Amino acid sequence: MSAWMLTIALLSAGGCGFQLRGTVDLPSEYSPVFIQSGGAVGEAMQNRLEGGGLSLTQVAAQAGLIVRVLGQQRSSRIVAVDSNGKALAYELTYAVSFDALGRDGQILISPQWLSAVRTFDDNPNAAVLGEQLESEIIYQDLVADVADRILMRLRAALASDAP
């Protein structure tokens with residue numbers, strides 16, 4: 001009984017256009033994709049594009065689409081303190097500036113910033129290494145979120161430009 005329900009749910013989800021996270025479909029005329037100066041977010045975008053079956057190139061002149069990561073910033077600030085002034089929570093921010101160019105150098109997406117923010121509850125009694133590890137894991141999650149959002153913007157912009 002549950003196998004039937006699962007099958008019906010999967011067919012319904014596929015019929016409404018639902019796609020698993022990480023699936024990227026860009027118009028084929030923009031293939032292969034070159035990601036310039038990507039850093040962590042560029043690596044995350046490459047993984048998603050490769051996972052979606054899109055081809056990438058290491059040579060900008062061969063690319064149908066050039067995604068340029070123009071800048072990246074990480075920051076944190078204290079958002080809560082206890083009665084002794086010790087930090088209880090931080091706000092972690094990761095921001096990326098990017099644009100996209102077509103094969104002929106035409107600007108497809110003008111430069112813009114995307115950012116992701118998360119609150120990180122700190123335990124003043126916990127070991128410092130554990131806090132650093134947890135904040136790094138949160139930053140990795142923020143990088144993944146921003147990479148997904150960049151690819152969604154690319155998909156939306158390129159789909160509207162497609163003939």
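Visitor: Is R77 buried, exposed or partly exposed?
Guide: Happy to start there, with a note that this is a predicted model, in which local features need pLDDT of at least 70, side-chain atom pairs count only at pLDDT 80 or more, and totals for chains, interfaces and linings use all residues. Residues are numbered from 1 along each chain as its sequence is written, and side-chain values use heavy atoms, with hydrogens and water left out. Buried means under 20% relative accessible area, exposed over 50%, and partly exposed in between (1.4 Å probe, protein chains only). Because R77 has 47% relative accessibility, it counts as partly exposed.

Visitor: Which residue forms a salt bridge with R77?
Guide: A salt bridge here is a side-chain nitrogen of Lys or Arg within 4 Å of a carboxyl oxygen of Asp or Glu. For R77, the closest N and O atoms of the pair are 3.0 Å apart, and the partner is E91.

Visitor: How many residues apart in sequence are the parts that E91 and R77 tie together?
Guide: Helices (H or I, at least four residues) and strands (E, at least two) are DSSP runs, numbered from the N terminus. E91 lies in strand β3 and R77 in strand β2 (residues 65–81), so the parts tied together are apart in sequence by 14 residues.

Visitor: D148 forms a salt bridge with R48; how many residues apart are the two?
Guide: The closest N and O atoms of D148 and R48 are 2.4 Å apart. D148 sits in helix α3 (residues 128–161) and R48 in helix α2 (residues 39–51), so to speak a link between distant parts of the chain, and the separation is 100 residues.

Visitor: What is the relative accessible area of L92?
Guide: L92 belongs to strand β3 (residues 87–102). Counting contact as heavy atoms within 4.5 Å, L92 touches residues including V117, F120, I138 and L142, not counting those up to four places away in sequence. L92 is buried because its relative accessible area is 3%.
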